[in-house]
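User: Hey, can you walk me through this one? I've got the sequence open and would like a picture of how it's put together.

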2 protein chains.
Amino acid sequence: MASSAIDIAREFWRLMATNDFQAVGAVLAPEFILEWPLSGERIRGAERFARMNAEYPASGPWKFTIHRIVGGETEAVSDVDVTDGVQSARAISFFTVREGKIARLIEYWPEPYAPPAYRAHLVEPID
Amino acid sequence: MASSAIDIAREFWRLMATNDFQAVGAVLAPEFILEWPLSGERIRGAERFARMNAEYPASGPWKFTIHRIVGGETEAVSDVDVTDGVQSARAISFFTVREGKIARLIEYWPEPYAPPAYRAHLVEPID
């Protein structure tokens, strides 16, 4: 039975957590592309994707915490924390799935920021 | 007939585009909360949400470009560009819908960044 995009996104993160980035290719389509709209970059293919992850300057194995995955049969979005024990980051990833494989990922890496002053009288801190 | 979370998210952005922020309350649940995890802020209720939008230091009416909306019956995620003609920003918004109204929004506002050097040999520019 065909897996939903949500299932495939979970499997993607499970494979990423092995830190065997070649293994992630199991859920990537031959035409896989990953786009980062906010740096204007695109990477093509499972092989370059694996090299990119392996070559990232990391302080230890990557761990991933899935906050949420939303979606349906062919599209899903994950909200994930990434850390190597020293660096931490948040990835918001839009998955497009074709025939059970990830054909396209669009990723955002939002950074922490100070609460803006203009709305200080309207908000409360998150614990 | 009940609307899907995707329909409600579209209606939210249609109402936001009127720049009548009180009107947006039509799609917000009584228990509405909005959270910005990366600044650690939470805002409660349609009234404070409307004030926050009205008080934002803007140079003109806000325009919104929906890049994509992904989701299902009760959850959706939108990827939207926001501009007042001077400032531009990107909002990634996770919607949780209950009984046809938005009960929770979780928002990320990722910023542009320079392409990192470590992966320059593996990527191409997005046109």
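This is a predicted model: local features need pLDDT of at least 70, side-chain atom pairs count only at pLDDT 80 or more; totals for chains, interfaces and linings use all residues.

User: Okay, how many helices and strands are in chain A?

Analyst: Chain A has 2 helices and 7 strands. Going along the sequence, the pattern reads α-β-β-α-β-β-β-β-β.

User: What size of box do the C-alpha atoms fill, and what share of the residues is buried?

Analyst: Along the principal axes, the C-alpha atoms of chain A take up a box of roughly 50 × 35 × 25 Å. Chain A has 127 residues, and 46% of them count as buried. As for contacts between residues at least 6 apart in sequence, 43% join residues at least 24 apart.

User: On to the sheet. What's the strand order?

Analyst: It's an open sheet of 7 strands, ordered S3(A)-S4(A)-S5(A)-S6(A)-S1(A)-S2(A)-S7(B), and the pairing is mixed. Note that S7 in that order belongs to chain B.

User: Which strands stand at the edges?

Analyst: Strand S3 (63–71) of chain A and strand S7 (123–125) of chain B. Each has a single partner strand, so one side of each has no neighbour in the sheet. From one strand to the next, the twist averages 25°.

User: How do S1(A) and S2(A) run relative to each other, parallel or antiparallel?

Analyst: They run antiparallel, with 4 bridges joining S1(A) to S2(A), which covers residues 41–44. Across that pairing, Leu34(A) stands opposite Ile43(A), and Glu35(A) faces Arg42(A). The hairpin has 4 residues between the strands, and Gly40(A) takes a positive phi near 70° there.

User: And what does S2(A) do with the other chain?

Analyst: S2(A) pairs with S7(B) over 3 bridges, in the antiparallel sense. Ile43(A) has Val123(B) as its bridge partner in S7(B).

User: Where do the helices go?

Analyst: Helix H1 of chain A, residues 5–17, lies across S1, S3, S4, S5 and S6 of chain A, and runs at about 175° to S3(A). Helix H2(A) also packs on the sheet, where it touches S1 and S2 of chain A, and its direction makes about 50° with that of S1(A).

User: Switching to aromatics. How many pairs are there over all chains?

Analyst: The count comes to 16 aromatic pairs over all chains. One of them is Phe32(A) with Phe49(A), an edge-to-face pair with centres 5.4 Å apart and planes at 70°. Phe32(A) sits in strand S1 (residues 28–36) and Phe49(A) in helix H2 (residues 46–55), so to speak a link between distant parts of the chain, 17 residues apart.

User: Which other pair can you give me?

Analyst: Tyr56(A) and Trp62(A) are also edge-to-face, at 5.5 Å centre to centre and 75° between the planes. Here Tyr56(A) is partly exposed at 30% relative accessibility, whereas Trp62(A) is buried at 12%.

User: Which residues form the aromatic cluster?

Analyst: Phe12(A), Trp13(A), Phe32(A), Phe49(A), Phe64(A) and Phe95(A) form one cluster.

User: What sits over the Trp36 ring in each chain?

Analyst: An arginine from the other chain. The charged end of Arg119(A) sits over the ring of Trp36(B), 3.6 Å from its centre, and that of Arg119(B) sits over the ring of Trp36(A), 3.7 Å from its centre.

Definitions and conventions. Residues are numbered from 1 along each chain as its sequence is written. Chains are lettered from A and ligands numbered from 1 in the order in which they are written. Side-chain values use heavy atoms; hydrogens and water are left out. Rings of Phe, Tyr and Trp (its six-membered ring) pair if their centres lie within 6.5 Å; planes under 30 degrees apart count as stacked, over 60 as edge-to-face and the rest as tilted. Buried means under 20% relative accessible area, exposed over 50%, partly exposed in between (1.4 Å probe, protein chains only). A charge sits over a ring if NZ of Lys or CZ of Arg is within 6 Å of the ring centre and within 35 degrees of the ring normal. Two strands pair if DSSP finds at least two bridges between them. Axes are lines fitted to C-alpha atoms, for helices over the stretch in contact, and angles run from 0 to 180 degrees between N-to-C directions. Contact means heavy atoms within 4.5 Å.
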